[in-house]
Structures are given as C-alpha cells and as structure tokens.
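Here is a short briefing on ring contacts and strand pairing in one protein model. Keep the sequence and the 3D view open as you read.

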Amino acid sequence: MQDQTTITPSSARSIQIVPAQVPLGAEVRCGDVPALDETAFREVYRAILDHLVILIRGQTLTDPELIAFGRHFGQLDFAPLARTGKEKARPHPEIIVVSNVLDNGVPIGVLRDAEVVWHSDNSYREKPLSYSALYALEVPATGGDTGFANMYLALETLPADLRHRVEGRTLKHDMTYNSAGDLRAGFTPVADVRDAPGPSHPIIRTHPETGYHALYLGRRPNAYINGLSVAESEEILDALWRHATQPRFTWHHQWRAGDIVIWDNRCVMHHREPFDAGARRIMHRVQCAGDVPRYDPAAKRGSHARAALGSR
Ligand code: SIN
C-alpha cells in the first residue's frame with residue numbers, strides 16, 4: 001500500500017495499522033498470521049470495521065491456516081453458487097479457488113482471466129456474505145488488480161434528489177450470472193429483469209456492526225428497483241452506479257504472492273481487472289456468512305468516513 005500516513009501502534013505490541021491515503025484500506029503489519037493471538041485478532045477485526053479493507057503481506061499459509069484465519073471473522077460459508085462444477089475437486093470445501101489455471105484441461109478454480117464486474121459478494125442470496133478474504137499464491141506480473149469502493153462514502157455523497165428517490169426502496173438482486181459474466185449452472189438467461197431469480201434487499205443498508213448506512217447495490221446486470229417501471233429503475237440504477245464507482249471512492253490493489261486481503265461486503269464493492277490469459281493467477285478464498293440486510297432509518301446519521309477515518 002503506497003502513500004502511507006501515520007503508523008498507529010496497536011495495544012497488541014506486534015501490530016501496526018497503516019492507513020492508505022485513499023478513501024478506504026489499511027495495511028496491517030503483524031508478522032505471521034498463524035502466530036497471532038486473540039487480542040491481536042481483535043485489533044485486526046477493528047481495523048476492518050474502520051478501514052473496510054485490509055491488506056496483510058508476506059504470508060505463507062496452508063489451506064487449514066487460511067481457514068483458521070477466516071474463522072476469526074465469523075462462521076465460514078461454502079458459497080455453493082460460486083462453484084461451476086468444472087473446477088478440480090478440493091479437499092477443503094471452505095476454500096474457493098479463484099484461478100485461470102487448467103490442470104489437464106480442467107479449471108482448478110472459478111472466474112477465469114476475465115474482468116470481474118463491480119459487485120458485493122453473494123448479494124443474490126437472502127443472507128449475503130459479511131467478510132471475504134483472498135490469499136494470493138501466484139499472481140501475474142501485470143493485470144488482475146482488484147479494486148475496492150467505499151459504499152458508506154458513496155451514500156454520504158449521493159446527490160439529495162437521488163437519495164430521495166431510493167430511500168426506503170428495495171432492489172432485486174439477480175443470481176443468474178456470476179461476476180465474470182458466466183451463466184450459472186441450472187439457470188436460463190433473463191428476458192425481463194422483473195422476473196430475474198433472486199432476493200430483494202434495501203438499497204440503503206444499515207451496517208449491523210457499525211450502525212452506519214451504506215449504499216448496497218450488489219451487481220448491475222439484471223438488477224431491478226421494486227415497484228418502478230423498468231425504464232425508471234434503469235435510469236436510477238445507471239445514475240447510482242455512475243456515482244458509486246467513481247475513482248474518488250476506490251482503492252486498487254496490485255497483488256504480490258503472499259498477500260491476504262480481507263474486505264467487508266456490507267459496505268464495500270470490489271472489481272477485478274482482466275489479465276493475460278497466458279499468465280497464472282491462483283488465489284484461495286474464504287468467506288463468512290452474513291445477516292439478512294436491513295435498513296433502520298433511525299440508525300446513525302453521521303459520517304462513517306469522518307468518524308473512523310478521521311483526516312483522510
Ligand atoms: C472475487 O470477486 O472474489 C475475485 C476477485 C479477484 O480475483 O481479485
């Protein structure tokens with residue numbers, strides 16, 4: 001993470017939290033993750049709630065160690081729809097392999113080398129994921145960067161008329177396609193967005209742990225704002241997405257092997273740039289089960305960005 005500001009020594013002696021000079025993200029310097037104790041993990045957890053995305057560099061983890069790391073942030077979820085059925089079977093069902101690598105012509109993982117569109121993980125489920133973590137085993141020399149966008153800030157800066165048009169409304173989240181644009185096994189293409197399979201969630205969501213509101217958009221393709229004409233829904237969604245994905249809300253991570261990045265899907269969207277099909281990229285991912293998204297109009301009205309990130 002470039003352009004560091006202050007280094008904040010934590011109460012757990014070996015941990016430093018280094019915020020980025022961007023609207024979200026911090027590097028946590030903590031040595032080897034498997035050696036961290038409960039006090040240290042509480043510091044890491046707090047850092048995610050404050051900074052939304054954290055990076056830990058220089059790790060060498062086995063799959064069981066990555067699973068143990070993930071369990072500190074909640075109950076692990078097996079993300080059944082993330083699987084294509086074509087990837088090579090793995091001994092640890094908690095781990096999703098994200099990769100373009102083929103083993104004897106069989107993909108070892110999901111999402112290929114394609115661009116992965118902006119999204120929040122598993123918004124197409126009744127209970128979307130809370131946290132997701134990616135651990136980089138092999139990365140291309142260039143390309144395949146992952147971008148993150150701060151959805152508290154996107155909401156705080158939403159033009160008042162647009163906010164008024166979505167306040168209290170729900171959005172239908174389509175489960176037909178994955179974020180690399182692949183039709184999921186067992187689904188058929190969507191002819192009318194109003195009939196797309198998937199749950200509805202509030203467009204403005206109250207974070208269950210911080211109490212602040214965030215814009216909750218899921219994925220753009222086949223989304224539909226309930227109760228509106230398709231034309232009006234499309235117009236508002238286009239405006240929301242133009243606003244929410246502006247570079248001023250984002251941070252892009254250029255991966256090194258040994259990096260762990262963990263993010264909070266309740267207030268962050270992410271996006272992956274495409275990369276050279278001839279390069280190898282292997283990431284192991286764990287994810288935590290979340291709650292049914294809710295909107296509580298009486299919850300905190302202040303700015304998460306100002307409260308948690310101070311001068312950034
Ligand atoms: C994902 O959306 O979880 C994949 C992101 C990445 O491959 O960087």
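This is a predicted model: local features need pLDDT of at least 70, side-chain atom pairs count only at pLDDT 80 or more; totals for chains, interfaces and linings use all residues.

Is Tyr212 buried or exposed? Tyr212 is buried: its relative accessible area is 13%, and buried means under 20%.

**Tyr152 and Tyr212**

- Tyr152 is buried as well, with a relative accessible area of 1%.
- The ring centres of Tyr152 and Tyr212 are 6.4 Å apart, and their planes meet at 80 degrees.
- The pair is edge-to-face because that angle is over 60 degrees.
- Tyr152 belongs to helix 3 (residues 151-156).
- Tyr212 lies in the loop between strand 14 (204-206) and strand 15 (213-215).
- The two residues are 60 residues apart in sequence, so their pair ties together separate parts of the chain.

**Other aromatic contacts**

- The structure holds nine aromatic pairs.
- One of them joins Phe148 and Trp263, with 5.3 Å from centre to centre and 55 degrees between the planes, a tilted arrangement.
- This pair links distant parts of the chain: Phe148 sits in strand 11 (residues 146-150) and Trp263 in strand 18 (residues 260-264), 115 residues apart.
- Phe148 is buried, at 0% relative accessible area.
- Trp263 is buried too, at 1%.
- Elsewhere, one aromatic cluster is formed by Phe41, Tyr45, Phe69, Phe73 and Tyr131.

**Charges over rings**

- Tyr131, a member of that cluster, has the charged end of Arg266 over its ring, 4.7 Å from the ring centre.
- Arg184 places its charged end over the ring of Tyr124, 4.3 Å from the centre.

- How many strands form the open sheet with the order 13-12-16? Three strands form it, and their pairing is antiparallel.
- The edges are strand 13 (200-202) and strand 16 (224-225).
- Each edge strand pairs on one side only.
- Strand 12 (residues 170-172) pairs with strand 13 over three bridges, in the antiparallel sense.
- Across from Leu171 stands His201 of strand 13.

**Points to locate in the view**

- For a buried edge-to-face pair, find Tyr152 and Tyr212, with their planes at 80 degrees.
- For a tilted pair, go to Phe148 and Trp263.
- For a charge over a ring, look at Arg184 and Tyr124, then at Arg266 and Tyr131.
- For the open sheet, trace the strands in the order 13-12-16.

Methods:
Residues are numbered from 1 along each chain as its sequence is written. Side-chain values use heavy atoms; hydrogens and water are left out. Rings of Phe, Tyr and Trp (its six-membered ring) pair if their centres lie within 6.5 Å; planes under 30 degrees apart count as stacked, over 60 as edge-to-face and the rest as tilted. Helices (H or I, at least four residues) and strands (E, at least two) are DSSP runs, numbered from the N terminus. Buried means under 20% relative accessible area, exposed over 50%, partly exposed in between (1.4 Å probe, protein chains only). A charge sits over a ring if NZ of Lys or CZ of Arg is within 6 Å of the ring centre and within 35 degrees of the ring normal. Two strands pair if DSSP finds at least two bridges between them.
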